[in-house]
Amino acid sequence: MRKLIIATVFMAALAASAWVFAFRGEIRNGYRRWTRGPVPPAISRMEALRSRGVVIAAVSSPPPAPGDPTAPDSPLPTSNSPLTEPEAPTDPPLPRTINLRVIFIPQAPLKEWDDIHEETCEEAAMLMMGAYLDDEQDMPLEEMDRRLLAAVDYQTAVYGDFKSTDAARTAEVMRGHLGIENARVVTISSLADVRREIAAGHPVLLPAAGKLLMNPNFKNGGPLYHMLVAKGYTSKTIITNDPGTRLGEDYAYENAVIWNAIHDWNGGDVEAGAKVMIVAGE
């Protein structure tokens, strides 16, 4: 009987260990989410734009203040009435948290990590942006892969290669291949620049030194160069769709980590690259 109990306990421990190993990524990410706080519920592009419109309307058309000469039933100013220049309207405050609903497209949708898909983070990021702007809510894995390979073929035909695409060329491909005419590169001075775009309903693409992201789901510490979609934020984090891992949907990077990692390709000297983002807002 004692041997049976020991054997049972041993088998249960072995099964538990195997389960933990099989789901180590999910467990690790669950712990990270717990320590960083919950990710806000995702909202669609139209919801974000409507929300922005309400805020802007409230700021740009404030109710007349008492004594305002333009208010109904207010007396006209006399020669003794002090005339002061009205204050310029200020920008509306940013929401404390936001998370835009962007389809997650991993760079290897069919889990084929071949020589092509090891290099398609830029293509996956630009396709996520395109799907968001087209209000696409769903996409089969096979269609994701087809679009990735089409973007690879386009760049190979136009430029002779598709690997390690800097921000300027990525924006150029977005305009020429995906028809996102207003895709452009913007220099950023702080994460506040990123938050303002997201709060306006515009996800942005961030080029990064992959190893500085310190993502535990990356192989070998991460790639030299990487690109991901920033689509939300909290007080502590920037929420991304990171195409470099199957666990990259709604992946939250701590502010200091992602700010340190943001760098353009810079001819391969990535950590000396400029801090930029690719935007495609109105």
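Predicted model: local features only at pLDDT ≥ 70, side-chain atom pairs only at ≥ 80, totals over all residues.
Q: At what angle do helix α4 and helix α6 pack, and how far apart are their axes?

A: Two packed helices are described by the angle between their axes and by the distance between those axes. Here helix α4 (residues 121–133) packs on helix α6 (residues 167–176) at about 50°, with the axes 11 Å apart. The two helices are therefore oblique to each other. The crossing of α4 past α6 is right-handed.

Q: Which residues of α4 and α6 meet?

A: From α4 come Glu122, Met126 and Met129; from α6 come Thr170, Val173 and Met174. By type, the residues of this contact are 4 nonpolar, 1 polar and 1 charged.

Q: Which residues of α6 are buried?

A: An α-helix has 3.6 residues a turn, so residues three or four places apart point the same way. In α6 the buried residues are Ala167, Thr170, Ala171, Val173 and Met174. Viewed down the axis of α6, they fall within an arc of 160°, so they line one face of the helix.

Q: What do the buried residues of α6 pack against?

A: Their partners are the helices α4 and α5 (141–159), together with the strands β2 (184–187), β3 (204–209), β4 (225–233) and β7 (276–279).

Q: Is Arg45 buried or exposed?

A: Arg45, in helix α3 (residues 45–60), has a relative accessible area of 15%. The cut-off for buried is under 20%, so Arg45 counts as buried.

Q: Which residues is Arg45 in contact with, leaving aside neighbours within four places in sequence?

A: Arg45 is in contact with Tyr132, Leu133, Asp135, Gly201 and Glu282.

Key:
Residues numbered from 1 in each chain as written. Heavy atoms only, no water. Axes fitted to C-alpha atoms, helices over the stretch in contact; angles between N-to-C directions. Helix = DSSP H or I, 4+ residues; strand = E, 2+ residues; numbered from the N terminus. Parallel < 35°, antiparallel > 145°, perpendicular 65-115°, else oblique. Left-handed = near helix turned anticlockwise from the far one by under 90°. Contact = heavy atoms within 4.5 Å. Nonpolar A, V, L, I, M, F, W, Y, C, P; charged D, E, K, R; others polar. Buried < 20%, exposed > 50% of the residue type's maximum accessible area, 1.4 Å probe, protein only. Arc of directions from axis to C-beta.
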